[in-house]
Amino acid sequence: MHNSYDVRSSDDTTVTTVPHQRMHESDAGKPTENTSLSPNNQTYFADERVQIPETGHTGFSFRKLWAFTGPGFLMSIAYLDPGNIESDLQSGVVARYKLLWVLLSATVLGLVMQRLSARLGVVTGLHLAEMCYRQYKKVPRFILWIMIEIAIIGSDMQEVIGTAIALYLLSSQVIPIWAGVLITVIDTFTFLFLDKYGLRKLEFFFGFLIMIMAVTFGYEYIVSAPSQIDVIRGMFVPWYHGMNYDNKVLLQAVGIVGAVIMPHNLYLHSALVKSRDIDRRQPAKIKDANMYYFIEACIALFVSFIINVFVVAVFAHGLFDKTNNDVHKICEASNYTLGINTFDKNNQTLDADLYKAGVFLGCSFGAIAMYIWAIGILAAGQSSTMTGTYAGQFAMEGFLNLQWARWKRVLFTRTIAIVPTFLVAFFADMTNLSQMNDILNAIMSLQLPFATLPTIAFTSSAQIMGEFRNGILNKIVSTALSVLVIGINIYFVIQTVQEDLPHNWAIYLAMSIYAIFYLAFCIYLAIHMAVSMGATSLGNNWFVTKYIGTPVSTTLGISNPAVYARVKLILYMTLYKSNAFTYFNLRINHVIANVRRIPNAIATDSYDISQYAFS
């Protein structure tokens, strides 16, 4: 299949308008596992892809890195959303600097999983939700979609409410929270269509919002002047100040992990990497893309980690072991009316949140510090709301394969997430809104297996990834980390349920029923993952074959598939299943040319099965 490309220059980057390659469709035109979205309906890169420049050498190239820069920074915004910021400041208030090493570890764990999701999109040209549509049966993939939508709604509630709180602070309490929610919805719709003016311009806008967060939270870090030695020790010495982690500190540590590693972010990252024009017929190009995307993800998550450290350190220095009365006295000393009215005169330990944190900064360093804090929260909330909307669209277009116009999908995904958020903001007060953060983190933590298990399964499959599949070390590390994170998050959920929900038999009964179905579905995904990793004896079991099954679409529904591997066994199986040969003798380094109408070049390192017709 030959393609024509419209190449044009956009600022410093060449952008390629790519004609869409339709996948096979049924005669009736009904969408199937092999049907793809038309180009105008696709999310994020509807009309263009960024072309990767060719260089005269095979080593590292900053030009190439710049061309690949973008998706990783959009992915990193999920590590900087208002839910994460609130979790950061609460960890500083509760444990001072003692949990910075947990934040660092969670970020590294997140990088491991983000690398796998990016590799899936690069190698296959399909994002995680699209791959789920092709690899799982109808009922499981529908359940998966529901679970991911729940995670997106939970995250979106944190993001939208965080943005509304920022507007509440910036307007001196003139704009109520519910009005801030509506404003956030409207401006999110507006900003999302910036990609009509160019993909790179949209990515630059997200980069600008990250820069605002770095500058605003960095300003707070400088004016508060925490101990640099304590910050460094907190990052790298878990036993700093002793190992006396009480239940409250442990719960906060688990909350950090739950807030940082978000399930829908794996779906998002696997889709964003498709925005680059990569020739998947050349394994060297795929290898290059994987390397540059990993470098970009490392840089992006390092930036997000530094910003998170700023927030933790500011409030570890200013609010650790403080009571409401202590902060009230600070506000009285500075004659800051808003703070005097916010903090009660009692000796209860301060329960910090986004709003109170901003007011405290106003009491300590002047009103300008509060407004700068609010601007940072506004940037965090606005950017994460936009990427959350993208995640919702990718999930919907992938899991349901909806052939809707893009604006309809945006409207539908926004409505699903915004309606519950608006109702909560309208009927709840500021205190209740802040207390929701732990519950929402617990909800998102529950959904984590529904992103990590499919990601590991697909990236470990030779059929899907070929030579780029996970090696044995990658499989062990990613699986072990997933089990660890999932176990930690389940502990967090149990603690949250015990402390934040009413102790009623009906609630316990409902939770028990849910737990049974939840564990059963996790076992289903784990068995599917084991089969994908090569557990043939398990895959041949009649129960697994009937109820869990093999992939729905063995060719992934791609009319011009990438050459995923030079492994001749994979080529053999592909030809065998298509009945495309009369005689095929497989050797390790040689293919006997008795296959009809296949050139001898098929035995070389570069070939494309789809170029050859078989009768």
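Residues are numbered from 1 along each chain as its sequence is written, and side-chain values use heavy atoms, without hydrogens and water. Because the model is predicted, local features need pLDDT of at least 70 and side-chain atom pairs count only at pLDDT 80 or more, whereas totals for chains, interfaces and linings use all residues.

Helices are DSSP runs (H or I, at least four residues) numbered from the N terminus. Helix 4 (residues 100-124) packs against helix 11 (residues 263-272) at an angle of about 40°, and their axes lie 7 Å apart; axes are lines fitted to C-alpha atoms over the stretch in contact, and angles run from 0 to 180 degrees between N-to-C directions. Helix 4 is therefore oblique to helix 11, since angles under 35 degrees count as roughly parallel, over 145 as roughly antiparallel, 65 to 115 as roughly perpendicular and the rest as oblique. The contact (heavy atoms within 4.5 Å) joins Met113, Gln114, Ser117, Ala118 and Gly121 of helix 4 to Asn265, Leu266, His269 and Ser270 of helix 11. By class, 3 of these residues are nonpolar, 6 are polar and none is charged, where Ala, Val, Leu, Ile, Met, Phe, Trp, Tyr, Cys and Pro count as nonpolar, Asp, Glu, Lys and Arg as charged, and the others, Gly among them, as polar.

Helix 11 also packs with helix 6, at an angle of about 105° and with the axes 8 Å apart, so helix 6 is roughly perpendicular to helix 11. Here Leu144, Ile148, Ala151, Ile152 and Ser155 of helix 6 touch Pro263, His264 and Tyr267 of helix 11. This contact has 6 nonpolar, 2 polar and no charged residues.

Helix 13 (residues 324-333) and helix 15 (residues 354-365) form a further pair, with an angle of about 45° and axes 8 Å apart. Val327, Ile330 and Cys331 of helix 13 meet Phe360, Cys363 and Ser364 of helix 15, a contact of 5 nonpolar, 1 polar and no charged residues.

The model has 6 cavities of 30 Å³ or more. A cavity is a set of points on a 1 Å grid over the protein atoms alone where a 1.4 Å probe fits but cannot get out, and lining residues have an atom within 4 Å of a point. The largest cavity has a volume of about 110 Å³. Of its 14 lining residues, Glu86, Gln158, Ile161, Leu433 and Asn437 are the closest to its centre. Helix 3 (82-95), helix 6 (138-170) and helix 18 (430-446) each give two or more residues to this lining, which divides into 8 nonpolar, 5 polar and 1 charged.

Notes: 1 Å grid on protein atoms, 1.4 Å probe; cavity = no way out; pocket = protein on both sides within 12 Å on 5 of 7 lines; lining within 4 Å. Points joined across faces, edges and corners; volume = space filled by probe spheres on them.
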